[in-house]
Amino acid sequence: MFDQTFSYVLAIAALVIGVMLLTGHGSVFMKGGNTQARAQKYDEKKMEKFSGICLILIGIATGVDAFTESMAAKIAYVIILFVILAVFLFLLRTKCLKK
């Protein structure tokens, strides 16, 4: 029961924050770390858009995972998360760099 409830909360939070980042209203979630170095190296607007898209995808995957029970679905969920994060890191390193 707790596992399912946590999955619902996580999915809703990821979707809400993802939409906020995608629409440009979630810059507060991009704070932390060395912001000056990040601002010099990366395009902040592109980072927000890609982060928003990835969080929406993670939210959708987590929501679908909350309804599944099989071990194969759980393994597929973990693989999907790794693929989303790998694509995000690739896009961050290639498309979000300032030129």
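**Salt bridge, nonpolar patch and helices of a predicted chain**

Under the criterion applied here, in which a side-chain nitrogen of Lys or Arg lies within 4 Å of a carboxyl oxygen of Asp or Glu, the count comes to 1 salt bridge. The structure is a predicted model, in which local features need pLDDT of at least 70 and side-chain atom pairs count only at pLDDT 80 or more, while totals for chains, interfaces and linings use all residues. Residues are numbered from 1 along each chain as its sequence is written, and side-chain values use heavy atoms, with hydrogens and water left out.

The salt bridge joins K74 to D65, with 3.3 Å between the closest N and O atoms. Side chains of opposite charge can pair when their charged atoms come close. With buried defined as under 20% relative accessible area, exposed as over 50% and partly exposed as in between (1.4 Å probe, protein chains only), D65 counts as buried because its relative accessibility is 9%, whereas K74, at 25%, counts as partly exposed.

The protein chain contains 4 helices and 0 strands, where helices (H or I, at least four residues) and strands (E, at least two) are DSSP runs numbered from the N terminus, and the pattern read along the sequence is α-α-α-α. The C-alpha trace spans about 45 × 25 × 20 Å along its principal axes. Of the 99 residues in the chain, 28% are buried. Among contacts (heavy atoms within 4.5 Å) with a separation of 6 or more, 73% are between residues 24 or more positions apart.

Helix α4 comprises 24 residues (residues 71–94), which should span 34 Å at 1.5 Å a residue, and this agrees with the 35 Å between its end C-alpha atoms; the expected span is 1.5 Å times one less than the number of residues. Within α4, Y77, I84, F88, L91 and L92 are buried, and the cover over the buried residues of this helix includes α3.

On the surface, L15, I53, L57, I60 and V64 form a nonpolar patch with about 400 Å² of accessible area together. Patches are made of residues with over 30% relative accessible area and no salt bridge, like charges being joined within 9 Å and nonpolar side chains (Val, Leu, Ile, Met, Phe, Trp, Tyr) within 5 Å; accessible areas come from the Shrake-Rupley method with a 1.4 Å probe, and for residues only the protein chains shown count as cover. Helix α3 (residues 44–66) gives the most to this patch, with 4 residues. I60 lies in helix α3 and is partly exposed, with a relative accessible area of 46%. The protein chain exposes about 6700 Å², of which carbon and sulfur atoms supply 74%.
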